[in-house]
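Morning, everyone. I have one chain to walk through today. Please have a look at the sequence and the model first.

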Amino acid sequence: GDLRTYAMIHLAYTLGLRPKEICLITLDDISFKKGELSLRERKAANPIKLPLPKATTKAMAAYLIGARPKSKLRQLFLSLQVPYRPVKPYAVSHAIKRSMHKVGFPPEASAYWLRHTYAQNLLESGVSLYEIKEMLGHDSIESTRKYLLLHIKLMRKVLFDE
């Protein structure tokens with residue numbers, strides 16, 4: 001499950017994807033040639049094409065080649081045991097959380113932490129709030145604003161025990 005979890009972590013961290021969005025990715029959504037990922041089903045129902053960072057592409061390819069069970073199912077991520085089934089959001093959350101704890105992150109570290117970090121990184125690199133809203137798939141700019149504020153508070157708590 002390590003290659004699978006590694007690819008999931010990359011998708012959460014480099015694209016800010018929710019566990020549910022990670023579950024919904026199909027083999028047809030990935031264009032290795034164009035280096036992009038199509039998300040057709042999002043919470044706010046705004047389909048989007050996102051550029052795939054090289055490291056994320058490599059992590060997904062490593063999983064596909066080295067660990068994904070042979071199956072007719074089109075979902076990218078499948079369960080580890082027979083009968084293979086598409087993974088559920090809680091399984092994605094659990095795998096990411098377990099992996100983060102294994103490398104020393106605090107107990108509250110989660111898939112959503114990676115999503116918040118993604119949003120914060122975008123903001124710090126000068127991406128507009130509107131663009132971040134689109135990339136995260138939020139309905140309103142208010143959600144995005146709250147999201148970034150929450151992230152800053154979380155980081156202060158962890159880094160400075162505030």
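Contact here means heavy atoms within 4.5 Å. With that in hand, one number for the fold. Take the contacts in the chain with a separation of 6 or more: 54% of them are accounted for by residues 24 or more positions apart. And keep in mind that this is a predicted model.

Next, the layout. The chain has 7 helices and 3 strands. Reading from the N terminus, the order is α-α-β-β-β-α-α-α-α-α. There are 162 residues, and buried ones make up 41% of them.

Now to helix packing. We describe two packed helices by the angle between their axes and the distance between the axes. Our pair is H1, residues 2-15, and H4, residues 89-102. Their angle is about 95 degrees, and the axes lie 9 Å apart. Parallel or perpendicular? The 65 to 115 degree range counts as roughly perpendicular, and H1 and H4 are therefore roughly perpendicular to each other.

Which residues meet there? From H1, we have Asp2, Thr5, Met8, Ile9 and Ala12. On the H4 side, they meet Val92, Ala95, Ile96, Ser99 and Lys102. By class, that contact of H1 with H4 comes to 6 nonpolar, 2 polar and 2 charged residues.

Let me pick out one of them, threonine 5. Threonine 5 sits in helix H1. Is threonine 5 buried or exposed? Its relative accessibility is 6%, so threonine 5 counts as buried; the cut-off for buried is under 20%. What does threonine 5 touch, once we leave aside neighbours within four places in sequence? Ala95, Ile96 and Ser99.

On to empty space. Rolling a probe the size of a water molecule over the atoms shows where such space is left.

The largest pocket has a volume of about 210 Å³. Its lining counts 10 residues. Nearest the pocket centre lie Ile9, Tyr13, Met100, Phe105 and Leu114. Ile9 is a residue we have met already, in the contact of H1 with H4. Which elements build this lining? H1, H4 and helix H5, residues 111-124, each supply at least two residues. H5 gives the most, with 3 residues. By class, the pocket lining has 8 nonpolar and 2 polar residues, and no charged ones.

How many cavities of 30 Å³ or more does the structure hold? It holds 1. About 60 Å³ of space lies in the largest cavity. Lining that cavity are Glu21, Leu24, Ile25, Asp29, Ser38, Leu39, Arg40 and Glu41. H2 and strand S2, residues 36-39, are the elements that give two or more residues to this lining. By class, the cavity lining has 3 nonpolar, 1 polar and 4 charged residues.

Glutamate 21 is found in helix H2, residues 19-24. At 3% relative accessibility, glutamate 21 counts as buried, because the cut-off is under 20%. How far is glutamate 21 from valine 92? In sequence, they are 71 residues apart. In space, C-alpha to C-alpha, they are 10.0 Å apart. Valine 92 takes us back to H4, where Val92 is among the residues that meet H1.

That is my tour. Over to you.

Definitions and conventions: Residues are numbered from 1 along each chain as its sequence is written. This is a predicted model: local features need pLDDT of at least 70, side-chain atom pairs count only at pLDDT 80 or more; totals for chains, interfaces and linings use all residues. Side-chain values use heavy atoms; hydrogens and water are left out. Helices (H or I, at least four residues) and strands (E, at least two) are DSSP runs, numbered from the N terminus. Buried means under 20% relative accessible area, exposed over 50%, partly exposed in between (1.4 Å probe, protein chains only). Axes are lines fitted to C-alpha atoms, for helices over the stretch in contact, and angles run from 0 to 180 degrees between N-to-C directions. Angles under 35 degrees count as roughly parallel, over 145 as roughly antiparallel, 65 to 115 as roughly perpendicular and the rest as oblique. Ala, Val, Leu, Ile, Met, Phe, Trp, Tyr, Cys and Pro count as nonpolar, Asp, Glu, Lys and Arg as charged, and the others, Gly among them, as polar. On a 1 Å grid over the protein atoms alone, a cavity is a set of points where a 1.4 Å probe fits but cannot get out, and a pocket is an open set with protein on both sides within 12 Å along at least five of seven lines; lining residues have an atom within 4 Å of a point. Grid points are joined across faces, edges and corners, and a volume is the space filled by probe spheres set on the points.
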